[in-house]
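Biologist: I'm new to this one and would like to learn how to read it. Could you take me through it, a feature at a time?

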Amino acid sequence: MSVDNNMTIDLSVLSTLEKERGIALEELFALVENALLLAYMKQPGAIKGSRAEIDRKSGQFVILAPELDDDNQKIAEFDDTPNNFGRIAAATVRQVLAQRLRDAEDASVLGEFRDREGTLVSGVVQQGNNPRMVQVDLGTVEAVLPANEQVPGEKYPHGARIRAYLVEARRGQKGPSIVLSRSHPNLVLRLFEHEVPEISDGLVKIASIAREAGHRSKIAVHATDPSINAKGACIGDMGARVRAVAAELNDEKIDIVDYSSDPAEFIAAALSPAKVTEVIIWMRVSIRPEPLYPMTSCRWLLVVRGRTPGLPLNSPGGVSIFSRNRSMRS
């Protein structure tokens, strides 16, 4: 951006920025005027309340300072442009415009990826300075796969292509910050949507997901069309669909169970492959029972490596799991 000693802005540069970057010309004029005023206010003897004004046709600019009466009221303005102001002004204008262009690029990138939050993305792993923070090149921007979103034991070698769940897109201190996850339960959901047309078409619904990343996931499914077998659609011919999802998750075990609005049926299905002989549901209003698994939301049991992280239900009561001889406590 050039500002000559005749206090003139090169309008051709602003016109080029308008065409190539899609920034309105009037916004560019306002940015340059603010930059000129900023440069002026750093000069000795600068007068508060001054403003910069650019002639929209010639590009000439002036710094107009207020003329005050005895009551400190503005009655007129006068030209207070410093001598040899062009060089100082040019440097400030360049900095302001460069920052505005960076902001415009960041906003464009963020706009693209904000719309894709909660979706599946793919990219190429890049080496970074922090070995715990994996960098993933998404094409137009680099995303991060932080340690808490990685799967224990999973490796991310440089140059490997991976799929991940886009958790968040926001503006960081150094530009756009795109956060990915390989451990999020919804990664399983998005992979099944990709592999199972009946899910993307709305004929099969995934009602709930529980996951211990790297070990096992369970999904509860049901069909909106009674002629469709929800579990069969997710498994696929010879298990092709579920195997494709498991392969993407590095052979993580995946169990598919039938969802039911009947809590007893749902609990029995969710506890598979364990054989449930009986499910007894009780309700207490004033006194909460002592459940082995307190119920706070509508999720279901995930059995992993002999452990039972929880089986919440929509009820003020709870669920206790008993063997024939004794209760099983976590």
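Modeller: Let's start with a term: a salt bridge is a side-chain nitrogen of Lys or Arg within 4 Å of a carboxyl oxygen of Asp or Glu. Keep in mind that this is a predicted model.

Biologist: How many salt bridges does the structure hold?

Modeller: There are 11 salt bridges in the structure. Take Glu-33, which pairs with Arg-56; their closest N and O atoms are 2.7 Å apart. This pair ties together distant parts of the chain, 23 residues apart: Glu-33 belongs to helix H2, and Arg-56 to the loop between strand E1 (51-54) and strand E2 (61-68).

Biologist: Is Glu-33 buried or exposed?

Modeller: The cut-off for buried is under 20% relative accessible area. Glu-33 has 15% relative accessibility, so it counts as buried. Arg-56, at 34%, counts as partly exposed.

Biologist: Which residue forms a salt bridge with Glu-193?

Modeller: That's Arg-190, with the closest N and O atoms 2.8 Å apart. Both sit in helix H4, and because they are 3 residues apart there, about one helical turn separates them. Glu-193 is partly exposed at 28% relative accessibility, and Arg-190 is partly exposed too, with a relative accessible area of 22%. Elsewhere, salt bridges with shared partners join Arg-51, Glu-53, Lys-74 and Glu-77 into one network. One of its links is Glu-77 with Lys-74, where the closest N and O atoms are 2.9 Å apart. Glu-77 counts as partly exposed, at 30% relative accessibility.

Biologist: Back to helix H2, then. What span should its 17 residues have?

Modeller: Helix H2 covers residues 25-41, and at 1.5 Å a residue it should span 24 Å. Its end C-alpha atoms are 24 Å apart, so the two agree.

Biologist: And which residues of H2 are buried?

Modeller: Among them are Leu-28, Phe-29, Leu-31, Val-32, Leu-36 and Tyr-40.

Biologist: Let's turn to strands. How many bridges join strand E5 to strand E6?

Modeller: When you read a strand pair, look at the direction of the strands and at which residues face each other. Here 4 bridges join E5 (residues 134-137) to E6 (residues 142-145), and the two run antiparallel. Val-136 stands opposite Ala-143 in E6. E5 and E6 make a hairpin with 4 residues between them, and in the turn Gly-139 has a positive phi of about 105°.

Biologist: In what order do the 3 strands E9, E10 and E11 form their open sheet?

Modeller: The order is E9-E10-E11, with mixed pairing. Strand E9 (204-212) and strand E11 (253-258) are the edge strands, each pairing on one side only. From one strand to the next, the twist averages 20°. Strand E10 (residues 216-223) runs antiparallel to E9, and 8 bridges join them. As a landmark, find Ala-210, which stands opposite Lys-218 in E10.

Biologist: Which strands does helix H4 touch as it packs on the sheet?

Modeller: Helix H4 (residues 185-195) touches E9, E10 and E11, and its direction makes about 145° with that of E9. Helix H8 (residues 263-270) lies across E10 and E11, running at about 155° to E11.

Biologist: How would I read a single residue? Where does Ile-162 lie?

Modeller: Check its element, its burial and its neighbours. Ile-162 lies in strand E7. Its relative accessible area is 11%, so it is buried. Beyond residues up to four places away in sequence, Ile-162 touches several residues, including Val-121, Val-125, Leu-145 and Tyr-156. The C-alpha atoms of Ile-162 and Val-124 are separated by 6.4 Å, although the two are 38 residues apart along the chain.

Biologist: And where is Ala-147 found?

Modeller: Ala-147 is in the loop between E6 and strand E7 (161-172). With a relative accessible area of 29%, Ala-147 is partly exposed.

Biologist: To finish, how many helices and strands does the chain have?

Modeller: It comes to 8 helices and 13 strands. Buried residues are 41% of the 330 in the chain.

How values were computed. Residues are numbered from 1 along each chain as its sequence is written. This is a predicted model: local features need pLDDT of at least 70, side-chain atom pairs count only at pLDDT 80 or more; totals for chains, interfaces and linings use all residues. Side-chain values use heavy atoms; hydrogens and water are left out. Two strands pair if DSSP finds at least two bridges between them. Axes are lines fitted to C-alpha atoms, for helices over the stretch in contact, and angles run from 0 to 180 degrees between N-to-C directions. Contact means heavy atoms within 4.5 Å. Buried means under 20% relative accessible area, exposed over 50%, partly exposed in between (1.4 Å probe, protein chains only). The expected span of a helix is 1.5 Å times one less than its number of residues.
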